[in-house]
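Dear colleague,

I am passing the structure below on to you, together with some notes on what was found in it. Please read them with the coordinates open.

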Protein chains: 2
Amino acid sequence: MDPHDPIEHLVGLLAKLPGLGRRSARRAVLRMLMKPEVQMLPLAEALRAAAAAVKPCGICGNLDAEDPCRICRDHTRERGLICVVEGVAELWALERAHAHRGLYHVLGGTLSALGGVGPEDLSVQPLLARIAEGGVDEVILALPATVDGAATAHYLTDRLRPLDLPVTRLAQGVPMGGALDVLDEGTLAAALRARRAV
Amino acid sequence: MDPHDPIEHLVGLLAKLPGLGRRSARRAVLRMLMKPEVQMLPLAEALRAAAAAVKPCGICGNLDAEDPCRICRDHTRERGLICVVEGVAELWALERAHAHRGLYHVLGGTLSALGGVGPEDLSVQPLLARIAEGGVDEVILALPATVDGAATAHYLTDRLRPLDLPVTRLAQGVPMGGALDVLDEGTLAAALRARRAV
């Protein structure tokens with residue numbers, strides 16, 4: 001097929017999105033071409049508008065159309081509680097769970113010896129600067145339960161210790177609805193160690 | 001979430017595409033927002049360009065940036081062979097298979113008593129007019145092997161009979177790589193009836 005063809009070009013770009021292969025991209029393009037004014041042009045405009053408006057929040061690193069982002073601007077939130085996350089996807093997931101009423105700090109990754117990611121590649125200094133400004137009561141490390149996530153949490157705990165601030169991390173245990181027989185041994189052992197009185 | 005937010009608006013539009021749910025739409029948006037100039041703006045432009053350029057071919061009904069489409073303009077193809085398909089998706093599938101070296105005719109659907117689709121809703125008159133112009137040696141009915149597809153094939157065969165033209169349809173049988181024990185009875189019976197000497 002001709003790559004200069006507008007249909008093939010569009011299919012190729014759509015197929016690069018996560019979750020869409022070439023086959024489903026083709027199906028989506030065909031569906032959109034049935035009513036271009038209703039589906040195609042609004043999507044083109046929404047992409048353009050989002051690319052123009054959305055930028056990282058200068059305070060926490062969230063992606064939003066406003067800077068500071070709407071979370072950092074929300075004065076009804078607990079401003080002394082900072083939840084440190086790996087990326088924006090994790091921030092959005094916590095927001096969808098309505099689980100955290102404080103603010104966030106996006107690290108932009110985790111430390112990785114193999115990946116060559118050091119502390120200077122992450123938003124560590126801005127986090128320390130935020131805390132140095134005062135008003136922070138607790139830092140929650142909501143990092144992934146992986147080797148790199150644990151290394152990052154360990155490193156941050158070391159850096160935060162001199163500030164004499166409560167540093168917490170997410171509980172580990174059996175996920176909601178999780179059947180015990182399909183859980184990995186690490187999770188089971190962690191859940192058993194952290195058992196609580198009923 | 002705020003529907004006027006450019007991120008939520010974009011996620012909502014993307015989530016309407018076949019094959020993408022809200023979760024994968026959100027992942028795709030997040031991925032694109034990481035490098036808006038590389039992924040987002042080119043996609044917006046490709047959508048706009050396709051919406052502006054692509055239209056149905058006045059001869060066969062294929063969707064293409066040119067009218068007549070590149071298949072109808074291709075004089076190396078067998079112009080006396082017309083393959084009748086339900087929609088553009090089926091036409092593209094046959095093209096990907098490099099299975100047909102003639103031309104096409106897109107009906108725009110199949111007859112459906114339940115769906116209230118009659119012959120006047122399909123591109124039947126334009127097909128008869130094409131054939132009346134002469135030069136057609138054979139009409140291949142490549143319609144779906146469903147009740148509606150069979151009814152449509154039956155109707156078209158009736159309409160084409162007076163023109164005294166060979167009318168053929170796709171063979172039915174065991175699909176390539178198909179295990180017999182998971183095939184439905186209808187396909188097995190059709191394959192057995194149409195058995196051939198080895």
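In this predicted model, the buried residues of helix H5 of chain A pack against strand S3 (78-85), strand S4 (102-106), strand S5 (138-142) and helix H6 (147-160) of that chain. The helix in question spans residues 124-132, and its buried residues are Val124(A), Leu127(A), Leu128(A), Arg130(A) and Ile131(A). They lie on the same side of H5(A), because the arc they cover around the axis is only 155°. That spacing can be read against the general rule that an α-helix has 3.6 residues a turn, so residues three or four places apart point the same way. On the face of H5(A) turned away from the buried side one finds the exposed residues Gln125(A) and Ala132(A), and just after the helix Gly134(A) adopts a positive phi of about 90°.

Turning to the relation between the chains, chain B is superposed on chain A by a rotation of 180° with a shift of 0.1 Å along the axis, at an RMSD of 0.1 Å. The two copies are thus related as by a two-fold rotation axis, and in chain B the C-alpha nearest that axis belongs to Ala44(B), at 2.0 Å from it. Of the interface residues of chain B, 100% are also interface residues in chain A, so the copies meet through the same surface.

The peptide bond from Asp67(A) to Pro68(A) is cis, with omega near 0°, and Pro68(A) sits in the loop between strand S2 (63-64) and S3 of chain A. In chain B the bond from Asp67(B) to Pro68(B) is cis as well, again with omega near 0°, but there Pro68(B) is placed in the loop between strand S2 (63-64) and helix H4 (70-73).

Asp164(A), which is not a glycine, has a positive phi near 55°; this residue belongs to the loop between H6 and strand S6 (167-169) of chain A, and it counts as exposed because its relative accessibility is 71%. His98(B), also not a glycine, has a positive phi of about 45°, and lies in the loop between helix H5 (88-96) and strand S4 (102-106) of chain B.

Best regards

Terms used: Residues numbered from 1 in each chain as written. Chains lettered and ligands numbered in written order. Predicted model: local features only at pLDDT ≥ 70, side-chain atom pairs only at ≥ 80, totals over all residues. Heavy atoms only, no water. Least-squares fit on C-alpha atoms with pLDDT ≥ 70 in both. Contact = heavy atoms within 4.5 Å. Buried < 20%, exposed > 50% of the residue type's maximum accessible area, 1.4 Å probe, protein only. Helix = DSSP H or I, 4+ residues; strand = E, 2+ residues; numbered from the N terminus. Arc of directions from axis to C-beta.
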